[in-house]
Amino acid sequence: MVVTGLLKVDNKRMKVTFDDESSFVLYNSEVRKYGISEESEIDSDTVEQIGKLLTNRARNRVLYMLGNSDKSSGDIARKLVDLGYPENIVRDVIGQLESYGYIDDERYVRNYIESVSGRKS
């Protein structure tokens, strides 16, 4: 994969874009660690390492988000995509956490209905 763009997201992170139009966000230190620069080529082993890193980071982010209350899978997916996680990693992480019962849209809806049913309009 060839890097076609590096875009500063904030003071700590960069969006890395590739020739196949895929992209992800890494911390500046990770961009340096993996030797990523515009027009550089990234080998498949490095792409795999970055994929594992982003998967773990996304999973931890979701678990943190779920710490206070249930969230719908759609809300979680939107948040992760907004944070720059690739859609394939978002799908994998949500699927994995659904299989363990951490994300459950039916439970989310039941809890939401229960919480608003006691309120007066």
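Student: Is F18 buried or exposed?
Tutor: Welcome! The model is predicted: local features need pLDDT of at least 70 and side-chain atom pairs pLDDT 80 or more, while totals for chains, interfaces and linings use all residues. Numbering starts from 1 along each chain as its sequence is written, and side-chain values use heavy atoms, without hydrogens and water. Because F18 has a relative accessible area of 1%, and buried means under 20%, exposed over 50% and partly exposed in between (1.4 Å probe, protein chains only), F18 is buried.

Student: What kind of aromatic pair do F18 and F24 form?
Tutor: A search of the whole structure finds one aromatic pair. The ring centres of F18 and F24 are 5.2 Å apart, with planes at 50 degrees. Rings of Phe, Tyr and Trp (its six-membered ring) pair with centres within 6.5 Å; planes under 30 degrees apart are stacked, over 60 edge-to-face and the rest tilted. F24 is also buried, at 10%, and so the pair of F18 and F24 is tilted.

Student: Which residue in β3 is the bridge partner of T17?
Tutor: Strands (E, at least two residues) are DSSP runs numbered from the N terminus, and two pair if DSSP finds at least two bridges between them. Five bridges join antiparallel β2 (residues 13-18) and β3 (residues 23-27). For T17, the partner in β3 is S23.

Student: Which residue in the turn of the hairpin has a positive phi?
Tutor: The hairpin is formed by β2 and β3, with four residues between them. A positive phi of about 70 degrees belongs to E21.
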